[in-house]
Amino acid sequence: MRLLLKILMVIGLTIAILVPLMMIRGTIQERQNYRREAVQTVARSSAGAQALSGPVLMVPYTELVEVEEKDNQGFSRKVRREESGTWMFFPETLEAKGAMKPIVRKIGLHEVRKYEFATRLHAEFKATVPSDADALAPRKIGQPFLSYAIADVRGVVGLQTLTINGKDVELLQGPGSGDGGGLHARLPVTLAGGAIVLDSQLDFTLEGTESLAIAPLAKRNIITIDSPWPHPLFNGDFLPRKRTIDDKGFHAEWEISSLATNAQAQYLGGSRVPGMAPAGSVDAANNTETVSGLDAIGVSLVEPVNIYSQADRASKYGILFVLLTFVGFFMFELIKQLRIHPIQYGLVGLALAIFFLLLVALSEHMEFGLAYLIASGACIGLLGYYVSHVLRSWLRGLGFAAMLSTLYGALYGLLISEDNAMVLGAGLL
């Protein structure tokens with residue numbers, strides 16, 4: 001009966017320790033939210049996650065169309081009305097080549113990764129304006145223009161230079177038609193049935209926060225991005241065909257055919273920029289996309305180690321630490337006939353729980369590995385000293401500390417090895 005009560009006490013204390021563990025996990029999530037708020041603050045004051053598409057050749061027109069309508073007496077009659085529309089022509093080829101220069105901004109304890117993307121967009125067009133369907137009612141062709149759509153136009157910095165067929169052309173604010181941000185350039189008026197051959201080149205610098213997306217709207221798209229940032233995440237609809245990543249940065253190349261993407265159809269359907277998660281959102285933090293938009297290539301400048309996700313993963317194993325420790329205590333008490341008070345069980349459990357809070361606090365100020373070493377060393381030293389008195393033997397205390405060292409070492413292996421986390425976790429169990 002006494003043994004059963006002791007077992008129930010151990011189970012009850014194990015469940016009770018879940019309360020501080022859950023409170024610590026709440027603190028970790030709160031710190032994650034502070035980090036997202038820091039990203040949102042930077043994005044609000046400058047430019048957020050960037051996405052761009054274009055150029056697209058737009059040719060507005062107005063034509064007379066015959067429609068049926070009812071008069072006051074309810075009789076149908078045919079009338080002619082003017083109807084406006086826009087023909088959209090996509091490039092034959094699009095070459096986008098640029099360099100992402102990372103810029104780290106610090107808000108309090110949190111670092112936010114911004115960048116300046118200095119790029120050259122070279123596009124070639126070969127388009128033919130449709131002929132008049134009715135020679136007696138010719139269409140009115142408006143002034144054509146090239147449209148560049150940009151997710152956050154505040155990120156356009158410095159001088160922008162656009163040349164078309166070797167001549168400088170003035171850039172104007174806005175995409176030229178519809179909603180959203182961007183740039184556009186007016187072109188000479190053309191006639192129905194006329195051919196438009198353009199060789200355009202836009203040199204500009206785009207500032208953004210953490211992520212960049214480019215939509216492949218041409219028949220043949222070649223996109224090249226270089227950066228000294230050594231930790232990229234390629235998270236768009238297409239992975240690079242070629243990429244190199246080392247301590248000096250990364251180089252990535254994409255080559256995409258219009259047959260491999262729905263970007264043109266999506267653009268014709270009304271989408272203008274790739275669908276990227278807003279900077280600082282939960283999905284952006286997890287490097288996922290949530291907003292519907294154009295198919296695109298995507299690259300994000302991510303942290304080499306996300307301390308909050310690592311600490312959150314570590315805290316999930318907290319109950320395992322407590323359970324194994326209490327079982328060890330119980331075995332000593334059962335075999336060696338040592339009387340261990342329930343308060344001593346509780347103090348040891350709380351000391352194990354405080355490790356995760358100490359880990360988060362230290363990792364905000366130093367490298368995660370060093371923070372883990374210090375936090376685990378402090379916890380092992382504290383418990384080893386205390387348990388040696390509880391178990392009335394320095395040798396038992398050292399053995400207990402060695403067991404904890406093995407547990408913390410195995411947990412660190414789980415945290416740094418995502419691919420082998422399951423097999424390591426099973427081995428630990």
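Leu146 has Ala185 of S10 as its bridge partner. The model is predicted.

S6 is mostly covered, with six of its six residues buried. In a regular strand, side chains alternate between the two faces of the sheet. Both faces of S6 are covered. Phe145, Ser147 and Ala149 are buried on one side. Leu146, Tyr148 and Ile150 are buried on the other.

## Helix H4

H4 spans residues 307-315 and is mostly covered. Seven of its nine residues are buried. Among them are Ile307, Tyr308, Ala311 and Ala314. Gln310, Asp312 and Ser315 are buried as well.

## Packing of H5 against H8

How do the axes of H5 and H8 cross, and at roughly what angle? H5 covers residues 318-335 and H8 covers residues 394-416. Their axes come within 11 Å and cross at roughly 160°. Angles over 145 degrees count as roughly antiparallel, so H5 and H8 are roughly antiparallel to each other. The crossing of H5 past H8 is right-handed.

H5 contributes Phe321, Leu324, Thr325, Phe329 and Phe332 to the contact. H8 contributes Arg396, Phe400, Met403, Leu404, Leu407, Tyr408 and Leu411. By class, the contact residues comprise 10 nonpolar, one polar and one charged. Thr325 of H5 is the polar one, and Arg396 of H8 is the charged one.

Terms used:
Residues are numbered from 1 along each chain as its sequence is written. This is a predicted model: local features need pLDDT of at least 70, side-chain atom pairs count only at pLDDT 80 or more; totals for chains, interfaces and linings use all residues. Side-chain values use heavy atoms; hydrogens and water are left out. Axes are lines fitted to C-alpha atoms, for helices over the stretch in contact, and angles run from 0 to 180 degrees between N-to-C directions. Helices (H or I, at least four residues) and strands (E, at least two) are DSSP runs, numbered from the N terminus. Angles under 35 degrees count as roughly parallel, over 145 as roughly antiparallel, 65 to 115 as roughly perpendicular and the rest as oblique. A crossing is left-handed if the near helix is turned anticlockwise from the far one by less than a right angle, and right-handed if clockwise. Contact means heavy atoms within 4.5 Å. Ala, Val, Leu, Ile, Met, Phe, Trp, Tyr, Cys and Pro count as nonpolar, Asp, Glu, Lys and Arg as charged, and the others, Gly among them, as polar. Buried means under 20% relative accessible area, exposed over 50%, partly exposed in between (1.4 Å probe, protein chains only). Two strands pair if DSSP finds at least two bridges between them.
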